[in-house]
Amino acid sequence: MLDDQFHVYDTTLRDGAQQEGLNLTVADKLVIARHLDRLGVGFIEGGWPGAIPKDTEFFRRAQTELDLRHATLAAFGATRKAGVAAAHDPQVAALRESRAPVVTLVAKSHDRHVELALRTTLEENLAMIADTVRHLRAEGQRVFLDAEHFFDGYRSNPAYAIECLRAAAEAGADVIALCDTNGGMMPTELGDIVHAVAERSGARLGIHCHDDTGCGVANTLVAVEAGVTHVQGTANGYGERSGNANLFSVVAGLQLKKGKRVLDGEGIREMTRIAHAISEVTNVTPHTHQPYVGLSAFAHKAGLHASAIRVDPMLYQHIDPALVGNDMRMLVSDMAGRASIELKGRELGFDLSGDKEVIGRVTDKVKELEAHGYSFEAADASFELLLRDELAGERKRHFTVESWRVIVERREDGAVTSEATVRLTAKGERVVAVGEGNGPVNALDRALRAALEQTFPELATLELTDFKVRILEGSSGTGAITRVLIESSNAEGETWSTVGVDENVISASWHALEEAVSYGLLRAGRVPD
Ligand SMILES: [Zn+2]
């Protein structure tokens, strides 16, 4: 484990879970905690035991089901209620009983919030902070304090805001995290306040930022420059409103840009995978432009860049993407020149550098197809098939399709079913197969596999994982056309995407389907004859 000098404190499971539409079960939370531990964060805030039954259960199950290698669990909760002894407050008892090694208490430090929201006196609020910290410390738990609305409070009444911090520190709180709860701060002003507070309070400070001005990460990094040694944030920047400071960007900034070792172990090299694994659990579509870990974070499109990237990739990227487990990607698009095609070929394992003629042909072909509505940016597998055809000088597939047909039927009972028939030749054998499905594409997929399964049994493990349809405006005199993107995967967990374009949605789908299966067979080591 890292020493205690600097804390990376994750609050995905508590503050991040406030995000609209995000709903985590206890099992989800346990899985996310394991991913965060793998990344190497120092603290994982699991939730608010006592206030939220699911969180009480999380801490109970965590004792036997979580085997954290790097992180320490923290329970979140409030200071005691006004006029009640800390030892007799049931909410404080739940924090004790969570058996979390760390308790993070949220406390008011804004005088107006004390009077208007908490409806108590400024003196009683100070006593609530000190009593609760002292009580939990005596019970053997380490205590951190989240000073809620700190920056707004400091502007309203700096002396009182500082007094709250002192009360907590003197009672034994190890860290006091200054919270920009409304997320409205700007970096320079926040840095100045942190600097002043560090001098006046003498306490160990942390920072908790929200991203309402788009400055959540910047504010966190500025606070570190100003002296805080504890940063809070959430995976993928989850959180209510505009989200919390994105912990992934914060740790990458500190570790890769500032040379500060803040994560335990080498988990940062897996950060991209971890970010995506967490979004699988939260069921929130990953933001493709997310710094460091987004699919497009190191993707290049312009032909001009591509020719320089061929010489030295670092000319056009701010870090080596491998440092965070991401990849540089070349986007094949109609903006692309020959250099992009050559680079894309290299990325896929084809050295085209010596073959100017093939590069020229592929570039022309891509431009022509893109003019008809194709897009290879998200369809690497279709691009690879095109490239292989151009290299071979002919279209090579594992099977030749004679015809296909699909009917959609509404039965008397109201059920709608589809039935497809596919006729093809594979390894010299003519096959006719039928498939049924809940929709026409599903039926075609089944019929195609049924026709091929004798010859290629490995197709049984091929799965169609995603299907996207986009209607494109027709150009000069043509009607609207449809572009279909299909994502497939195999038993090894490899995924690939194929594209089909046609005026008819079924025909576009068939094209993408046929390429998906062809590419799957290539992946399985089958050489087309
Ligand atoms: Zn917050």
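On a 1 Å grid over the protein atoms alone, a cavity is a set of points where a 1.4 Å probe fits but cannot get out, whereas a pocket is an open set with protein on both sides within 12 Å along at least five of seven lines; lining residues have an atom within 4 Å of a point. Grid points are joined across faces, edges and corners, and a volume is the space filled by probe spheres set on the points. The model is predicted, with local features requiring pLDDT of at least 70 and side-chain atom pairs pLDDT 80 or more, while totals for chains, interfaces and linings use all residues. Residues are numbered from 1 along each chain as its sequence is written, and side-chain values use heavy atoms, with hydrogens and water left out.

A search of the whole structure finds two cavities of 30 Å³ or more. The largest cavity has a volume of about 40 Å³, and its lining includes Asn-236, His-276 and Gln-290. This lining comprises three nonpolar, six polar and no charged residues (Ala, Val, Leu, Ile, Met, Phe, Trp, Tyr, Cys and Pro count as nonpolar, Asp, Glu, Lys and Arg as charged, and the others, Gly among them, as polar). The second largest cavity, of about 30 Å³, is lined by His-398, Lys-427, Phe-456, Val-527, Pro-528 and Asp-529.

The largest pocket has a volume of about 2000 Å³. Of its 44 lining residues, Leu-295, Arg-329, Ala-378, Glu-487 and Ser-497 lie nearest its centre. By class, the lining has 14 nonpolar, 15 polar and 15 charged residues. The second largest pocket has a volume of about 610 Å³ and is lined by 34 residues, with Arg-14, Trp-48, Phe-76, Val-106 and Glu-148 nearest its centre. The largest share of that lining, three residues, comes from β4; helices (H or I, at least four residues) and strands (E, at least two) are DSSP runs, numbered from the N terminus.

The zinc ion has as protein donors Asp-15 (OD), His-208 (NE2) and His-210 (NE2), at 2.0 to 2.2 Å. Donors are N, O and S atoms within 2.8 Å of the metal (3.2 Å for Na, K and Ca); water is not among the atoms, so sites may look incomplete. Asp-15 lies in the loop between β1 (7-10) and α1 (26-39) and His-208 in strand β7 (residues 205-209), so the pair ties together parts 193 residues apart in sequence. Both Asp-15 and His-208 are buried (under 20% relative accessible area, with a 1.4 Å probe and protein chains only).

Key:
Buried means under 20% relative accessible area, exposed over 50%, partly exposed in between (1.4 Å probe, protein chains only).
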